[in-house]
Amino acid sequence: MTLPASALPVEAPLAFLGVAQSLTGKMWRDRLDARGAARSLAIAQRHLLPEMLARVLAGRDVEIDAVEDFLDPTIRKLMPDPHTITQMEVAAKRIADAATRGEKVAIFGDYDVDGATSAALLAWHLRHCGLDPLIHIPDRIFEGYGPNGEAVRALAGKGATLLVTVDCGTTSLEPLAEARRLGMSVVVIDHHQSGDELPEVEALVNPNRPDDLSGLGHLAVGLVLVTLVAVNRELRNRRFWTSEMPEPDLLGMLHHVALGTVADVAPLIGLNRAFVAKGLIAMRRRDHVGHTALMDVSRLNGPPEAWHLGFMLGPRINAGGRIGRADLGVRLLLEGDVSEAARIAAELDRLNGERRVIEQMAEAQAEAEALASLGLEDKGSVIVTASEGWHPGVVGLVASRLKEKFGRPAFVIALEPGGIGTGSGRGIGGVDLGKAVRQAVHDGVLLKGGGHAMAAGVTLRKEKLAEFRAYMESALAHDVARSRHVNEIFVDGAVSARGVTPELVATLNRAGPFGSGNPEPVIALPSHQLVYADEVGQAHLRVRFKSGDGAIVNGVAFRSIGQKLGNALAAHRGQVLHAAGSLAVDRWQGTERVQLRLLDVALPDQGPSVIR
């Protein structure tokens, strides 16, 4: 069904429930304009779907003929020919050569979740081929990101003839040149943006390199899986697989792909979405020792959902790379012994608790510095904070908190005694942080730096700090001003408390998994009384809303105390408000109830005054 272009004018969606300015200063927009509303109706009618689900699908630009595939994304339909990726065929043949010759292969990963899951996936496959690969995950503080000369020399000294980097390597020109001088072949499997110069290696598999036309730049860990599909095919053509060594089931390892994809905040579109959807199903079977131990130590009640991977499981894998041993995550994901997996998972859980304490201390200091920098006038487009004593492993997390609180790109830099600072930046929509950082390296403001639009890493000399702050302010001011001007929440639909049921959540979840690129549905509760709001946990507020017919919805406003949302809730206890948030099923001691994750509140329009 195609709607005539002239029949429905394209116009900005109206303010949802008339909320032009909420109590936190946001405008509520209907996610659907006139054209989207018409598509929603057509989807509901043709596919016999509930109205709310149809609205969610239309709001994510799902075409009418694509609804069935969107609701059930299959890897078989979405998997491309791996050879469409530049140099994939060369990479697959070189890895297959290593398998057939029994070579010593070294895997160099990154210290974050997608690096750990990528390394574990590749190591599992090589072990299945009968190899015993070396695995090196660099120490975040002492080695930094990506391959380094000392580690490369150590791997060569252990007999490695093939070095495969995963989730890193695209910008590591000199360390990879060193690997080749030492006689190693090098294959890079990476998804990060490249600079002007590419490393001289046997194969650079990166859909974000300038000469790649595959359109698969959104892949993260999935890129390793696609590479292994090509390797399997190459080995099949060589008749490598036998009854004694059968071809490995790559889809059986979708646990790794799902965890790394969500934790890396890769967009959940196309093949990524299928990987995560099917990976979540695999995780629910609890048949992988490492993932099961991780879920148990995270006290995950009920079947895992995408947000569990990003907020519960991922941070624990990351904790090893941030403040502990960088290889703990990979070791857990490759562990086959239940007791040993439980021990490693418990250690990661302990480190994650330590990480939270360290992060909170640095966050308080960085927030005070940011407030002083912005001043009472709230001026400035970019936040750049730096201090000695901050742990380099938490600067990215603190930058995320500052970005959320102040609505600006934020950099947090840990200064070392030698006068070198290493830090992380986090961006906002409509602002390309990685591009600005790479330009700062080119212009000599930074020693090192790179990343993508929403996140970047930087290394600089302490005396360059003020220059870097001024450089970022100049480079990003225009885009930040334009982005911050649009302070909106897009709402998918409205429902009363009586309609907030587990069945509604299950219906909405059919459009999942949700995350970057496929945002979680935002549902509004119109004119509900805020009957309860009190502190719970660390900086959260537990809330309760009541509809006119007496039905109750429980909710939580995460990290809202001391923020605009928390202040608004505290000031309007007992009053009737519009509320907006996402819905989730909260499972506790065998019972299920729906919880509203509150995003914003607004005062209802009181209408015209009545003259008495």
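Me: To begin, what is the mean pLDDT of the protein?

Reply: The mean pLDDT is 92, and 96% of the residues reach 70 or more. Here pLDDT is the predictor's confidence in each residue, from 0 to 100. This is a predicted model, in which local features need pLDDT of at least 70 and side-chain atom pairs count only at pLDDT 80 or more, while totals for chains, interfaces and linings use all residues. Residues are numbered from 1 along each chain as its sequence is written, and side-chain values use heavy atoms, with hydrogens and water left out.

Me: Where does pLDDT stay under 50?

Reply: One such stretch is residues 1–10, for which the model has 15 contacts beyond four places in sequence. Another is residues 608–612, with zero contacts of that kind. Contact means heavy atoms within 4.5 Å.

Me: Let us turn to helices. At what angle do helix 6 and helix 10 cross?

Reply: Helix 6 (residues 113–128) and helix 10 (residues 254–263) cross at roughly 160°, and their axes come within 8 Å. Helix 6 is therefore roughly antiparallel to helix 10. The residues making this contact are V113, D114, T117, A120 and L121 of helix 6, together with H256, V257, L259, G260 and A263 of helix 10. The crossing is left-handed.

Me: How are those terms defined?

Reply: Helices (H or I, at least four residues) and strands (E, at least two) are DSSP runs, numbered from the N terminus. Axes are lines fitted to C-alpha atoms, for helices over the stretch in contact, and angles run from 0 to 180 degrees between N-to-C directions. Angles under 35 degrees count as roughly parallel, over 145 as roughly antiparallel, 65 to 115 as roughly perpendicular and the rest as oblique. A crossing is left-handed if the near helix is turned anticlockwise from the far one by less than a right angle, and right-handed if clockwise.

Me: And helix 6 with helix 9: at what angle do they pack?

Reply: Helix 6 and helix 9 pack at an angle of about 15°, with their axes 10 Å apart. Helix 6 is therefore roughly parallel to helix 9. On the helix 6 side the contact is made by S118, L121, L122 and H125, and on the helix 9 side by V224, L225, L228, V231 and N232. This crossing is right-handed.

Me: What about H528, buried or exposed?

Reply: H528 is buried, at 2% relative accessibility. It is found in strand 14 (residues 523–536). The side chain of H528 reaches the backbone oxygen of P526 at 2.7 Å. A polar contact is a pair of N or O atoms within 3.5 Å; within protein, one must be able to donate a hydrogen and the other to accept it, and residues adjacent in sequence count only if both atoms are side-chain atoms.

Me: Which backbone oxygen lies 3.3 Å from a polar atom of the side chain of H288?

Reply: It is the backbone oxygen of L333. H288 is found in the loop between helix 11 (270–284) and helix 12 (289–297), and it is buried at 10% relative accessibility. Not counting residues up to four places away in sequence, H288 touches M253, H255, H256 and L333.

Me: Now the backbone. Which peptide bond is cis?

Reply: The peptide bond from G512 to P513 is cis, with omega near 0°. P513 lies in the loop between helix 19 (502–509) and strand 14.

Me: What is phi of R239 near, and where does R239 lie?

Reply: Phi of R239 is near 60°, a positive value in a residue other than glycine. R239 lies in the loop between helix 9 (222–237) and helix 10, and it is exposed, with a relative accessible area of 73%.

Note on methods. Buried means under 20% relative accessible area, exposed over 50%, partly exposed in between (1.4 Å probe, protein chains only).
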